[in-house]
Amino acid sequence: MNCKSFIIVFLFQNIGLVLSSPQYESIFNFGDSLSDTGNFLLSGALAFPVIGQLPYGETFFQRATGRCSDGRLIIDFLAEAFSLPYVPPYLAVKQDRGQSSQHGVNFAFAGATALDAEFFFERNISILWTNNSLNVQLNWFRKLKSDICSDEDCDFFKKSLFLVGEIGGNDYNYAFFLGGGIKQLRSMVPFVVGAIINATSALIEEGAVELMVPGNFPIGCSAVYLTLFESSNKEDYDRHGCLKAFNAFARYHNSQLKQALDLLRQTYPHARIIYADYYGAAMRFVHAPLHHGFYGGTLKACCGGGGPYNFNNSARCGHAGSEACQNPSIYSNWDGIHLTEAAYRHVALALINGSSSAPPLISSPH
Ligand SMILES: *[C@@H]1O[C@H](CO)[C@@H](O)[C@H](O)[C@H]1NC(C)=O
Ligand SMILES: *[C@@H]1O[C@H](CO)[C@@H](O)[C@H](O)[C@H]1NC(C)=O
Ligand SMILES: *[C@@H]1O[C@H](CO)[C@@H](O)[C@H](O)[C@H]1NC(C)=O
Ligand SMILES: *[C@@H]1O[C@H](CO)[C@@H](O)[C@H](O)[C@H]1NC(C)=O
Ligand SMILES: *[C@@H]1O[C@H](CO)[C@@H](O)[C@H](O)[C@H]1NC(C)=O
């Protein structure tokens, strides 16, 4: 077992937590726009070119980096906490020999699904931003592995954190946005969870021992869902103004995922498989927005083109007719779909302080 002790040394307002001794020497990440640090942009971002322009990136980087936020993402705050460089996008590592894979690589791709593109094409869902599903990302990883591992069982993976997601949110988004019903989509959940579990076990077979698998966010509180599925029936909303049925759907996915992770822990007792409760972390600031500094509220997007939740499909963030708020740090929702840097910081803190990671991401001192 891991007997190293980690002492939280100081808390910077802008940096978050920095740990006294780094628990991990590298991070390998798989996922979608919640953790893409540049792959989609490097590929040309044809489905969403505004990601290459301000206001995306305005807060911390002061330029668009391909991150779907005003600033840093959860993975950036985790890298900071472990005193590691920001995890470079795979396409940058592949294209430019200057980007090192020494401290890990990020395979996440905005718009990516857990299931392969064929699954959607067979069901006439043809609005995918990308075909770079979890399996495609896994194959990129396998290709790179031979370059970064000299020894057969790749010792350096033992000190690496593998993040498998968040992924799967888009599988549902695409289907919901094309009119799929909640009952119909519940039948998709075992497939999506199966894809996440398959990828997680494949990584363990490749030598990963420390893995974190996040669940879905409370989609019923996101401006895009609140706008597209607005209801005149007050009963459809909880007391915070979120759509109950969509949050129940996210919880259903999460409970299936957690059950499947329990089985995986039995199959691979030597691996440490952490569940990251993104849902619970986000609900903490939905329940207590002011306590977390979200004076602008948590349901309305900072950047958008009007409407009750400031999400307008004809004037989405970055497009003509849209505008970003003055101070993104008082909003949790950035562009209707993605969260602000301020919100991602709180999620990262909740993973690090253990309130939203089980077992806790940071091993407690022994
Ligand atoms: C998909 O669309 C094609 C052509 O419109 C149609 O023939 C087919 O039945 C549809 N398949 C499904 C699963 O809806
Ligand atoms: C995904 O694959 C399909 C079928 O091979 C192709 O037609 C489509 O252009 C691809 N989409 C993207 C975004 O690459
Ligand atoms: C997961 O792996 C199993 C066994 O290889 C396979 O039968 C199944 O189709 C896979 N599921 C998904 C969703 O990829
Ligand atoms: C949404 O954007 C369109 C295009 O800019 C604009 O005409 C419309 O008034 C906006 N809707 C709302 C509710 O602000
Ligand atoms: C952990 O951090 C989150 C996010 O800032 C916060 O809401 C929560 O209260 C913290 N929990 C503990 C036990 O410190």
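# Briefing: ligand shells, cores and backbone features

Arg-284, His-292, His-346, Leu-349, Ala-350, Asn-353 and Ser-355 surround ligand 5. This is a predicted model.

**Ligand 5**

- Helix H12, residues 341–352, gives the most to the shell around ligand 5, with three residues.
- By class, the shell of ligand 5 holds two nonpolar, four polar and one charged residues.
- His-292 has a polar side-chain atom 2.9 Å from an oxygen atom of ligand 5.
- His-346 also places a polar side-chain atom 2.9 Å from an oxygen atom of ligand 5.
- For Asn-353, a polar side-chain atom lies 2.4 Å from an oxygen atom of ligand 5.
- On its own, ligand 5 exposes 360 Å², and the protein buries 58% of that.

**Ligand 4**

- Ligand 4 has Gly-305, Gly-306, Gly-307, Asn-312 and Ala-315 around it.
- Asn-312 brings a polar side-chain atom to 2.3 Å from an oxygen atom of ligand 4.
- Gly-305 contributes through its backbone: an N or O atom there lies 3.4 Å from an oxygen atom of ligand 4.
- Of the 360 Å² of accessible area that ligand 4 has on its own, the protein covers 39%.
- The shell of ligand 4 counts one nonpolar residue, four polar residues and no charged ones.

**Ligand 2**

- Phe-121, Trp-129, Thr-130 and Asn-131 surround ligand 2.
- Two nonpolar and two polar residues make up the shell of ligand 2, with no charged residues.

**Nonpolar cores**

- The largest nonpolar core has 88 residues.
- Phe-28, Phe-30, Phe-107, Phe-162, Leu-203 and Leu-211 have the most contacts inside this core.
- Helix H8, residues 189–205, gives the most to this core, with 10 residues.
- Another core, of 35 residues, lies apart from the largest one. Among its members are Val-87, Ala-342, Ala-350 and Ile-352.
- Ala-350 is also one of the residues around ligand 5.
- In soluble globular proteins, nonpolar side chains tend to be buried together.
- Leaving aside neighbours within four places in sequence, the contacts of Phe-30 include Phe-107, Phe-162 and Leu-203.

**Tyr-237**

- Tyr-237 sits in the loop between helix H9 (223–228) and helix H10 (244–267).
- Tyr-237 has a relative accessible area of 17%, so it counts as buried, the cut-off being under 20%.
- Its side chain reaches the backbone nitrogen of Ser-231 at 2.9 Å.
- Setting aside neighbours within four places in sequence, Tyr-237 is in contact with residues including Leu-226, Phe-229, Ser-231, Cys-242 and Tyr-309.
- Tyr-237 and Cys-221 are 16 residues apart along the chain, and their C-alpha atoms are separated by 9.6 Å.

**Cis peptide bonds**

- Most residues other than glycine have a negative phi, and most peptide bonds are trans. The residues below depart from one or other of these patterns.
- Gly-165 and Glu-166 are joined by a cis peptide bond, with omega about 15°.
- Glu-166 belongs to the loop between strand S5 (160–164) and helix H6 (169–177).
- Pro-359 lies in the segment after strand S10 (357–358).

**Positive phi**

- Ala-45 is not a glycine, yet its phi is positive, near 50°.
- Ala-45 lies in the loop between helix H1 (39–42) and helix H2 (74–81).
- With a relative accessible area of 1%, Ala-45 is buried.
- Asn-310, also not a glycine, has a positive phi of about 55°.
- The loop between strand S8 (303–304) and strand S9 (323–324) holds Asn-310.
- Asn-310 counts as buried, at 12% relative accessibility.

Key. Residues are numbered from 1 along each chain as its sequence is written. Chains are lettered from A and ligands numbered from 1 in the order in which they are written. This is a predicted model: local features need pLDDT of at least 70, side-chain atom pairs count only at pLDDT 80 or more; totals for chains, interfaces and linings use all residues. Side-chain values use heavy atoms; hydrogens and water are left out. A residue is near a molecule or strand if one of its heavy atoms lies within 4 Å of it. A polar contact is a pair of N or O atoms within 3.5 Å; within protein, one must be able to donate a hydrogen and the other to accept it, and residues adjacent in sequence count only if both atoms are side-chain atoms. Accessible areas come from the Shrake-Rupley method with a 1.4 Å probe; for residues, only the protein chains shown count as cover. Ala, Val, Leu, Ile, Met, Phe, Trp, Tyr, Cys and Pro count as nonpolar, Asp, Glu, Lys and Arg as charged, and the others, Gly among them, as polar. Helices (H or I, at least four residues) and strands (E, at least two) are DSSP runs, numbered from the N terminus. Buried means under 20% relative accessible area, exposed over 50%, partly exposed in between (1.4 Å probe, protein chains only). Contact means heavy atoms within 4.5 Å. A nonpolar core is a set of buried Ala, Val, Leu, Ile, Met, Phe, Trp, Tyr and Cys residues joined through side-chain atoms within 4.5 Å.
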